[in-house]
Amino acid sequence: MDLEVESEKTRAAWNVICQTYAVPKTLHKQQADTITLLRKGENVFCGSPTGSGKTLAQLATVLFTSGSALVIPPLQTIESQMCSVCKLWGINFLNLSSISEVLIGETILAQKPQILISSIEKISNPGVQKQLSNLSLKYISIDEAQVLDPETGWTKIRPYCPETWAYLRARFKAPFLLLSATMEESSLSRIAANLDLARDKIQVLYKNPDRGNIYQQRRILNKPVDIMNLDESLSFLLPAFLDSNFKKCQVFCSSRYTTDIVAAWLKSELEKIYSNLPIGNVLLVEKLTGNNTREEKDRVLELFKDGHS
């Protein structure tokens, strides 16, 4: 398959979709390529930075079909954000967390949602699985897919377990869309095994050509951060930032509110340090907005190239 040619066809179809749904008019390359492969029935991993438009691929690919898709967010805050985006874009959705377990089946039949949004806890419930017995899916999307990794992900504290993936694979026989800003090749191989897929059956988009991994993940905290006392909670980061070998990192926060606070603190602390040091390369702190504008997507991708930030 010539991905470039097929992605142009996807863009043409997107222009038609834009006449019916209040979706963003611009379809960026990483979005068009992801949607194209998913429509062809391929399992896809898209290693694209936060703020580069992964949500669109998860929610809007279903608009190219007449069916439904299942989206599994990693956090309640992201679950809520996805519901808001569906409302904004005019996508018919159902959040399984919002209704009683025994009503799921009849609600799906009545509403015929294009997008089903479910926490991993909900979809792992055998009672919920029974309610989905008559459902057909075009694809299953796992947001922040590193949570699936039994060695480095969240499988130890949440039910991201082989039994759940075995159920989803066997019951729906639908392609998986895996998305994350951070993923090591070894981690992706473990995820493939967890999904009972050969590694070469997952198409990888935007793997960093300069390294053996896609984006290197380092888990540095296993406890909540006190945002009212960041000097104590995060000061250990500052020496690492000043190391001559340090180039770039991305800090993930649970909400935009927390992101604003942490970004402001980092900027303030680094300004204090650099005002007293004769250093040529100054670290930049950039906050990702998540907006789906061409300017923001270009800015995000530029930030993730080589350089200090």
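**The largest cavity**

Mentor: The lining of the largest cavity divides into 3 nonpolar, 4 polar and 1 charged residues; Ala, Val, Leu, Ile, Met, Phe, Trp, Tyr, Cys and Pro count as nonpolar, Asp, Glu, Lys and Arg as charged, and the others, Gly among them, as polar. The model is predicted, with local features needing pLDDT of at least 70 and side-chain atom pairs counting only at pLDDT 80 or more, while totals for chains, interfaces and linings use all residues. Residues are numbered from 1 along each chain as its sequence is written, and side-chain values use heavy atoms, with hydrogens and water left out.

A search of the whole structure finds 1 cavity of 30 Å³ or more. On a 1 Å grid over the protein atoms alone, a cavity is a set of points where a 1.4 Å probe fits but cannot get out, and lining residues have an atom within 4 Å of a point. The volume of the largest cavity is about 30 Å³, a volume being the space filled by probe spheres set on the points, which are joined across faces, edges and corners.

The lining consists of Q30, Q31, T34, C46, G53, K54, A57 and L179. Two or more of these residues come from each of α2 (29-39) and α3 (54-60), where helices are DSSP runs (H or I, at least four residues) numbered from the N terminus. With 3 residues, α2 gives the most to the lining of the largest cavity.

Terms used:
1 Å grid on protein atoms, 1.4 Å probe; cavity = no way out; pocket = protein on both sides within 12 Å on 5 of 7 lines; lining within 4 Å.
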